[in-house]
Amino acid sequence: MKKKNLMYNDKDSRIDYGVILPVLLLAFISIATLFSTTYLISGNGSLRMVLMQVVWYVVGVIAIIVIMQFDSEQLWKLTTWGYILGLLMLLAVLFLYDRATFADTGAKSWFRFGTFSFQPSEVVKIFYILILAKVATSHNMKTKYKTRRTDWQLFVKLVLWAAPALILVILQNDLGTTLVFLMILGGVMIMSGISWKILLPIIITVILIGALLIYLVVYNRQLLLNIGFKNYQFARIDSWLDPYRDQGGNGFQLFQSLKAIGSGRMFGKGFGVSDVYVPVRESDLIFATIGENFGFLGGTFLIAIYFILIYQMIRVCFDTKNEFYTYIATGVIMMILFHVVENIGMTIGLLPLTGIPLPFISQGGSSLLGNMMGIGLIMSMRYHFKSTIFDDEEDAFGAKHQDATMLRLRQEDGK
């Protein structure tokens with residue numbers, strides 16, 4: 001078999017502008033919306049929040065540039081140590097958490113150093129994605145014949161490696177982040193090739209448990225309280241099911257968000273114009289500002305940008321044809337997609353409020369840094385990929401012609 005030619009030899013051709021441009025557009029929307037929210041709408045004369053968002057974007061760009069320098073071989077070697085470091089951060093925050101934030105939200109998920117706060121779980125998501133990708137790739141390379149037994153083995157391995165991070169996040173009382181970790185795990189499981197004969201019963205069981213929980217929320221809350229559920233979690237569900245019943249209490253945030261978005265109508269009221277007060281509209285409910293300022297069309301335009309970004313990430317994944325990269329891309333896509341769906345869904349009343357930020361838009365350095373690190377991993381795929389065109393089309397898309405460095409690492413792991 002002969003190679004016809006080699007592409008992506010120069011650095012410029014290996015930088016994926018299809019991923020960069022949507023992120024740049026989201027950055028512009030973020031800064032503009034924060035300026036509208038804090039300076040124009042709220043009447044806050046300080047631009048500190050806007051400037052801090054710019055600073056975090058600069059930090060995020062640096063993170064992307066650094067991560068792009070790591071190829072699949074280097075990422076493979078660093079993954080386990082990175083995950084261990086991430087677990088140590090999740091463990092440390094359980095003891096060194098910010099007391100003020102805990103008193104306000106009930107979550108032990110933030111460090112605080114003076115005026116600077118940081119949520120380690122946002123960065124740990126990246127290490128979590130990498131370890132799941134490595135576990136799935138390592139298992140598949142050691143499996144000569146795929147059977148029900150080998151699928152169960154992969155399922156158990158993924159659960160065992162994911163469990164420490166999941167348990168530590170659950171102990172932080174951070175439901176939103178716990179759901180993100182579960183979605184990432186589910187996405188990697190599906191992409192890893194585990195049989196649907198295994199996954200489908202598990203999915204059905206989860207749905208039935210969810211239905212049972214809803215039943216207990218309505219008819220027997222005391223049982224749930226006895227096993228660790230909190231009253232504020234019930235309040236969020238109540239406000240989601242009927243935000244108009246308690247407009248001045250637990251349903252206030254959602255009611256005001258719906259009111260702001262609805263008042264924007266088709267074209268919005270204009271940049272920096274607002275007649276509706278919305279709590280935390282600079283972070284969790286920032287979509288309400290976009291809906292009120294720019295209406296249905298503005299919200300649709302933002303969703304379209306997310307769609308383009310996710311499409312571009314999927315395209316990069318297919319172009320590289322590298323199993324390790326495929327699982328990494330799956331985790332990053334699931335992380336960003338779930339954040340978008342949950343945040344916009346809770347803002348318009350389709351999903352319960354969970355405190356999940358809108359990716360690249362909401363104010364907050366921890367979340368932004370985690371998302372930018374994810375983009376860095378996607379950019380690394382293109383940056384280190386050299387596309388080879390083969391005479392034999394079947395061999396060109398076959399597994400035996402994956403990235404050479406990954407093949408060598410697999411052989412080393414198999415010894």
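## Thr38 in helix α1

T38 belongs to helix α1, which spans residues 17-41. In this predicted model, T38 has a relative accessibility of 7% and therefore counts as buried, the cut-off being under 20%. A polar atom of the T38 side chain lies 2.7 Å from the backbone oxygen of L34.

## Overall composition and confidence

The protein chain contains 16 helices and four strands. It has 415 residues, of which 48% count as buried. Among contacts in the chain with a separation of 6 or more, 72% are between residues 24 or more positions apart.

The mean pLDDT of the protein chain is 84, and 87% of the residues reach 70 or more. Two stretches must be treated separately. Over residues 1-9 the pLDDT stays under 50, and the model has 28 contacts beyond four places in sequence for this stretch. Residues 387-403 also have a pLDDT below 50, with 34 contacts in the model beyond near neighbours in sequence. Where pLDDT is low, the predicted coordinates should not be read in detail.

## Packing of α5 with α14

Helix α5 covers residues 120-142 and helix α14 covers residues 365-383; their axes come within 7 Å and cross at roughly 30 degrees. Because angles under 35 degrees count as roughly parallel, α5 is described as roughly parallel to α14.

On the α5 side, the contact involves E122, V123, I126 and L130. These residues meet S366, S367, L369, G370, M373, G374 and L377 of α14. By class, the residues of this contact divide into six nonpolar, four polar and one charged.

## Packing of α6 with α8

Helix α6 contributes R148, D151, W152 and F155 to the contact, while α8 contributes K197, I198 and I202. The contact of α6 with α8 has four nonpolar and three charged residues, and no polar ones.

Helix α6 also holds I167. With a relative accessibility of 49%, I167 counts as partly exposed. I167 and L90 are 77 residues apart along the chain, and their C-alpha atoms are separated by 9.7 Å.

## Positive phi angles in two loops

Most residues other than glycine have a negative phi. N173, although not a glycine, has a positive phi of about 60 degrees. Its place is in the loop between α6 and α7, the latter helix covering 175-191. N173 counts as partly exposed, at 31% relative accessibility.

R265 is likewise not a glycine and has a positive phi of about 50 degrees. R265 is located in the loop between α11 (252-264) and α12 (286-320). With a relative accessible area of 70%, R265 is exposed.

## Gly291 in helix α12

Helix α12 contains G291, a residue whose relative accessible area of 3% places it among the buried ones. Leaving aside neighbours within four places in sequence, G291 is in contact with I261 and G264.

G291 may also be related to L258, from which it is 33 residues apart in sequence. The C-alpha atoms of G291 and L258 are 9.4 Å apart in space.

E323 lies in helix α13, which comprises residues 323-347. Its relative accessible area is 14%, so E323 is buried.

The side chain of E323 takes part in two polar contacts described here. One is with the side chain of N140, at 2.7 Å. The other, of 2.9 Å, joins the side chains of E323 and Y327.

Key
Residues are numbered from 1 along each chain as its sequence is written. This is a predicted model: local features need pLDDT of at least 70, side-chain atom pairs count only at pLDDT 80 or more; totals for chains, interfaces and linings use all residues. Side-chain values use heavy atoms; hydrogens and water are left out. Axes are lines fitted to C-alpha atoms, for helices over the stretch in contact, and angles run from 0 to 180 degrees between N-to-C directions. Angles under 35 degrees count as roughly parallel, over 145 as roughly antiparallel, 65 to 115 as roughly perpendicular and the rest as oblique. Contact means heavy atoms within 4.5 Å. Ala, Val, Leu, Ile, Met, Phe, Trp, Tyr, Cys and Pro count as nonpolar, Asp, Glu, Lys and Arg as charged, and the others, Gly among them, as polar. Buried means under 20% relative accessible area, exposed over 50%, partly exposed in between (1.4 Å probe, protein chains only). A polar contact is a pair of N or O atoms within 3.5 Å; within protein, one must be able to donate a hydrogen and the other to accept it, and residues adjacent in sequence count only if both atoms are side-chain atoms. pLDDT is the predictor's confidence in each residue, from 0 to 100.
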